[in-house]
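Hi everyone, thanks for making time for this one. Please have the sequence and the structure open while I talk, and stop me whenever you like.

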Amino acid sequence: MKVLGASLVAAIALTGCAPAGLNTADYGNAAEPASNDVAATPGATAGAAPETDPSAGATAEAAPGDANTPEISDELATNELKAQKVARMGTTVQDENGFVLYRFDKDEDSPAKSNCNGDCAKIWPPAITNDGEPKLSGVDESLVGTVTRADGTKQLTLKGWPLYRYIGDKKPGQWKGQNVSGTWFVIQPNGTKNLTCLPAVSKPVAPPADDTSGDAGGSDSGSDYSY
């Protein structure tokens, strides 16, 4: 499939959802965001040091028992990946709590690399794991892997793309992160972007304050696309 032109993407965004019959196969990958006029996502570190072993193909990870890999609590780990349909969007990949997962155009998939660190990772929490073996439902095991992040934790990948949640999604099934900054998209079980519904490019919510108030992300940007 040819790369979608910026004008076509813009036209789709104006309508709110892609027209019926649009081939929603992946387009552009990391090379072409949905908009050419979008500022960089806060905290994204495209110049970060490589995090992967080139010999590992699409997924690079620390060896089991590596003393340099931080152990994370089961509460913070993503323990399940499941294919789930939601209204207007169609098929998504969700975690064990029903939160929709996303991929980032500024990441890399071959070999896998996450370029979302700092404030970016506060807005888009990575789907981290200890063993890289989440329970799967409707997701092909051969497409699931891990990548080692800058902080040493392991992040789940799908067809090489690192997986994230979005703090702007306040309840299961929401997908307010779709087309945020023109670089974040709901991911499908085959690793491609779900473009069934493409709202206009929006700004991400603010990162959570460094306090104990429980305020997860400042203002709530965008519409509620969970209906």
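Let me start with a term: by a nonpolar core I mean a set of buried Ala, Val, Leu, Ile, Met, Phe, Trp, Tyr and Cys residues joined through side-chain atoms within 4.5 Å. And please keep in mind that this is a predicted model.

So, which residues have the most contacts inside the largest nonpolar core? They are Tyr102, Cys116, Trp124, Tyr166, Trp175 and Trp184, in a core of 19 residues. The largest share, 3 residues, comes from α2. There is another core, lying apart from that one, with 11 residues, and Val93, Leu156, Leu163 and Ile187 are among them.

Now for the neighbours of β9. Strand β6, residues 128-129, pairs with β9 in the antiparallel sense, over 2 bridges, and there you will find Thr129 opposite Lys154. Strand β8, residues 144-148, also runs antiparallel to β9, and 5 bridges join the two. Look for Val147 standing opposite Gln155. β8 and β9 form a hairpin with 5 residues between them, and in the turn Gly152 has a positive phi of about 95°.

On to strand β10, residues 161-162, which pairs with β9 over 2 bridges, again in the antiparallel sense. Here Trp161 is the bridge partner of Leu158. This hairpin has 2 residues between its strands, and Lys159 takes a positive phi near 50°.

Lys193 sits in the segment after β11. Is Lys193 buried or exposed, and why do we say so? We call Lys193 buried because its relative accessible area is 0%, and the cut-off for buried is under 20%. What does the side chain of Lys193 contact? A polar contact of 3.0 Å joins it to the side chain of Asp105.

That's my tour, and I'm happy to take questions.

Notes:
Residues are numbered from 1 along each chain as its sequence is written. This is a predicted model: local features need pLDDT of at least 70, side-chain atom pairs count only at pLDDT 80 or more; totals for chains, interfaces and linings use all residues. Side-chain values use heavy atoms; hydrogens and water are left out. Buried means under 20% relative accessible area, exposed over 50%, partly exposed in between (1.4 Å probe, protein chains only). Helices (H or I, at least four residues) and strands (E, at least two) are DSSP runs, numbered from the N terminus. A polar contact is a pair of N or O atoms within 3.5 Å; within protein, one must be able to donate a hydrogen and the other to accept it, and residues adjacent in sequence count only if both atoms are side-chain atoms. Two strands pair if DSSP finds at least two bridges between them.
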